[in-house]
Amino acid sequence: MTATTGTLADEVWRLMTAQGILFAVDAPIRQTLSNLVEFFAARLQRDPDSVRAELEAALAADERFTREEINGQVVFVTSRQGRYVPRDTTDTHTFKQRLYEPEKPLPIDDLSVVVSTSRPALTTVEPVYISDYWIEQARLVAAAKAAEQVAPVEAPAPAEGAPVVVEQPVAEVKPSPAVAEVATPPVEVETTAEVVGSSEPAVTEPVATEVALTSEPAEPSTVIVVEGVAIDLRRSPAEIVAEHGSLLERVLTERLEQDPLRRIVSFGRLHYPEANLVSFGKNDLRKIRDYIIERNEPLLDTEIIADLYYHNPRQPDYEAFRFSLNYRLSREKDFEFVGVEGANIWSTKGLPSIGSKRVKAAEMGQLTSYLIEGFDDSLADQSVESIVASGSVTRFLTFFEWEYGVLPLDAAMTALLPKPVFADQRSAVLRFDSPQHFSSYLVEVRYPTGNRGGWLQGLEDFFHEHLVPGALITISRTDVVNVFAISYEEADEMTARLLTFDEKKNKFAFANLTFYCMVDDDLLPEQNRYGKLRNLKAFSMGERRKAEMILEHVCETMGERSGSRDQPVYRVTFDDVFMAYNVLRPASRSFLQALLDSHPSVAADPAAPGSFLFTPPPAERGADEAEDEEDLPIQPTLRRRSGRYIEDDE
C-alpha cells in the first residue's frame, strides 16, 4: 500500500469514526462509496471517476474496511476499534436446554409430579411457571390414555378374489364435558385400491361404515358454562350482558379478589391495573382533607381534582387519575365514601353532622326497624314500576317526620333513590333542591343494616319553614344522579292552632301556625280535633323504642274512658291511634294494625268497626296501700264552671 493510498484510507477511517463517535466500540459504521466519492471530489477538486478508483483501491487494501453490496450499492464498513467483526450469537450454554428438554424425562401421569403441592415457606404466594415441555408431555400422556380406552375393531378377512378396500382413518376428537354423546348415521366411504398381482385397478363398491362419534360437532363450540349456566357467545354482547351481566360481574369480581398478587385493583364496578396507578402521598391526603373541611361539606372527586390538581376531563390521563384518587381514598380510615353510582362523594372526619342531633343514629335505626320486619306498606298507592317510570314519589308528612326532618327509607324511597355502591356502605349524601324557594339542602341517606331500618335526615329546616304535619310532598329525580328536587302542593293561606313540641319545657303544646300547602286533614294535628295530643308524655328516644309501651300510653291518652274506677276501659279509633303514635315515633298502618291485633290488652270493638277497646292490666298494689286509699276522702273534680279549673283544661 503506497503512502498516498494509506493516507487516503486513514483519512476515510477518521471521517467514519467521527461519524460514529457515539457508537459502541464494536458497532458497525457504514458509509456508501458514492457519498465518499462526492465528498473527496469536491474537496480535492478532481474528477469523480479517478477519485472513485483511488478510494476503492485504498479501502480494499486496508484491513480496517470491509466491502459490502446492499441493493446494488457499494458500502464500506468499519468500527471504532478497527476492523468490524460481526458478533457471534451462537448460544453454547446448554443448561437451559437440558433443564427444559431432558434426554430421558421422568414418566408422568399429570402435572402433580412436576409441580409440588406443598405450601412454600414464603409469606407471599408466588406464581408458579411451568415449562411448555412438561405441559406438552402431560397432554400427550392424556391423549395416549384416551386412545387406549378405544378398543380396536378387527375387520373380517376378505374372500379370495374380492377387491381390497383401504379404510380411511377417522380422526378422534376429544369430547367436551358439556356435550352429550352424538351417534351419527352410517357413512358411506368409497375408496379405490389395486388387487395384488393384477395391473388393472380393482372395482370397488361403497362400504357402509358406522362411526359413533363421542364428541361435539366439527365446528368449535360457542357455548361456555359459568357456574352451571350455559352462555352462547354467538349472541350479541348487549343480549349477553342483559341476561347474564350480574353473574359475569360477580364471577369477575371474585376472580380478581382471589388473585394473590393483586395485579388488578377494584373500586366499585371499576377495575384498573395496579401498576398504572398514580401515587398519592401523605401530603396529598392531608391537602385533600383540609380542603374538604374548608368547604364544610362532602365533595365530589371531580371537584377535588379540578380545584387541587387542575385536571380536566379533556386530558388523556384524567380517568386514570380519577380512579387512582378514589382507590387511594377508599383505603384510608380518615375518609368515608358517601357517594352513589356515577357520583363519587367523599367525607372526612371533622365535618358537621347532617340533620338533627336530637335523634341518634342507633335510636333512629331501631325506630325504623319495622320497615325490614315486613310492615312496609309504602307501595300501596304507588308501584315500583310507576315510581321508576315517573321518577318521583309522593307522600304525606307525619308529625314525627316534620318535627325531626326525617323520612323513613321505605320501599317507595328505595325504588327512587340510587343504590349503595359498596356492600358495606353506611350512608350516602344527596342534595335536595327546592325549585319553589330556590334553596338547597344536604340530605344523608342511612342505609339499613342488620335489624335496623334506614332513613333520610337533613330536611328539618325545610319542613319547619314551609310545611306543617300532614303536608303533601313530592320528591323527584333530576338529570344529576346525586341531586333531587323536593316540592309540595301549594294552597291558599291558612292559619290553624297546631301541635308543636317545646324543646325547653320538653312538652307538647298547641300554637298558631300559618301555612300555604295542601294537607291531609286526618294527619293535621289541629287542636279542635286532636286536643288530647298535648297530654302525650315526651318520652326519651330510648323509651320510644318500646312499641308496646308507646301503644298503651297512646290508648290511655287518646281514648274515651269508661268502665269502673278499678278497671277502666279506653275506647279509641284507629285514626286517633295512628295520629298520636306517629307523634312519638314513626310507624306504618300495617305495623300499627299488627301491634293492635297482637296486644293482649287490646280488642276490637264489635259495636263500632275501626275502633278498639284497651283494658290496662290491673296494677299490683300492697294491702297497706289499698287501705290508706280507702280512708282518704273523695276530692271534688275542679272544673271551669265552679270558678276553679285545672291546668290541663286550658
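**Close-up views of the predicted model**

Figure 1. Gly339 occupies the loop between strand 13 and strand 14. With a relative accessible area of 0%, Gly339 is buried. Beyond its neighbours within four places in sequence, Gly339 makes contact with Ile345, Val421, Gln425 and Ala428. One of these residues, Gln425, is 86 residues from Gly339 along the chain, and the two C-alpha atoms are separated by 9.2 Å.

**Figure 2. Helix 9 and the elements that cover it.** Helix 9 (residues 318–330) consists of 13 residues. From its first C-alpha to its last, helix 9 reaches 18 Å, close to the 18 Å expected at 1.5 Å a residue. Because 10 of its 13 residues are buried, helix 9 is largely enclosed by the rest of the structure. The buried residues are Tyr318, Ala320, Phe321, Arg322, Phe323, Ser324, Leu325, Asn326, Tyr327 and Leu329. Their cover includes four strands, namely strand 10 (264–267), strand 11 (270–273), strand 13 (335–337) and strand 14 (345–348). Helix 7 (282–295) and helix 8 (301–309) are also among the covering elements.

**Figure 3. The largest nonpolar core, viewed around Phe463.** This core has 75 residues, and those with the most contacts inside it are Phe463, Leu533 and Tyr581. Helix 17 (residues 574–584) supplies the largest share of the core, 8 residues. Another core, of 22 residues, lies apart from it and includes Phe267, Phe280, Tyr291 and Leu329. When residues up to four places away in sequence are not counted, Phe463 touches Leu397, Glu401, Trp402, Gly405, Val406, Leu407, Val468, Ile473 and Ile486.

**Figure 4. Thr500 and its contacts.** Thr500 belongs to strand 22 (residues 490–502). Apart from neighbours within four places in sequence, the residues in contact with Thr500 are Phe399, Lys507, Phe508, Ala509, Ala511 and Leu513. Val468 is 32 residues from Thr500 along the chain, with a C-alpha separation of 10.0 Å.

**Figure 5. The aromatic pair of Phe375 and Phe591.** A search of the whole structure finds 23 aromatic pairs. In the pair formed by Phe375 and Phe591, the rings are edge-to-face, at 5.6 Å centre to centre and with 70 degrees between the planes. Phe375 lies in the loop between helix 10 (361–367) and helix 11 (384–390), and Phe591 lies in helix 18 (residues 589–598), so the pair ties together parts that are 216 residues apart in sequence. Phe375 counts as partly exposed, at 24% relative accessibility, whereas Phe591 is buried, with a relative accessible area of 9%.

**Figure 6. The aromatic pair of Tyr441 and Phe462.** Tyr441 and Phe462 are arranged edge-to-face, with 5.6 Å centre to centre and 65 degrees between the planes. The pair links distant parts of the chain, 21 residues apart: Tyr441 is in strand 18 (residues 439–446) and Phe462 is in helix 14 (residues 460–466). Both residues, Tyr441 and Phe462, are buried.

**Figure 7. An aromatic cluster and a charge over a ring.** One aromatic cluster is formed by Phe267, Phe337, Trp346 and Phe422. In a separate panel, Arg589 lies over the face of Phe578, at 4.2 Å from the ring centre.

**Figure 8. Asn71 and Asn296, two residues with positive phi.** Most residues other than glycine have a negative phi. Asn71, which is not a glycine, has a positive phi near 55 degrees. Asn71 is located in the loop between strand 2 (66–70) and strand 3 (73–78), and is exposed, with a relative accessible area of 80%. Asn296 likewise has a positive phi, of about 65 degrees, although it is not a glycine. Asn296 lies in the loop between helix 7 and strand 12 (299–300), and counts as partly exposed at 47% relative accessibility.

Figure 9. Of its 650 residues, 35% count as buried. Among contacts with a separation of 6 or more, 59% are between residues 24 or more positions apart. The accessible surface of the protein comes to about 41000 Å², and 52% of that surface belongs to carbon and sulfur atoms.

Terms used: Residues are numbered from 1 along each chain as its sequence is written. This is a predicted model: local features need pLDDT of at least 70, side-chain atom pairs count only at pLDDT 80 or more; totals for chains, interfaces and linings use all residues. Side-chain values use heavy atoms; hydrogens and water are left out. A nonpolar core is a set of buried Ala, Val, Leu, Ile, Met, Phe, Trp, Tyr and Cys residues joined through side-chain atoms within 4.5 Å. Buried means under 20% relative accessible area, exposed over 50%, partly exposed in between (1.4 Å probe, protein chains only). Helices (H or I, at least four residues) and strands (E, at least two) are DSSP runs, numbered from the N terminus. Contact means heavy atoms within 4.5 Å. Rings of Phe, Tyr and Trp (its six-membered ring) pair if their centres lie within 6.5 Å; planes under 30 degrees apart count as stacked, over 60 as edge-to-face and the rest as tilted. A charge sits over a ring if NZ of Lys or CZ of Arg is within 6 Å of the ring centre and within 35 degrees of the ring normal. The expected span of a helix is 1.5 Å times one less than its number of residues. Accessible areas come from the Shrake-Rupley method with a 1.4 Å probe; for residues, only the protein chains shown count as cover.
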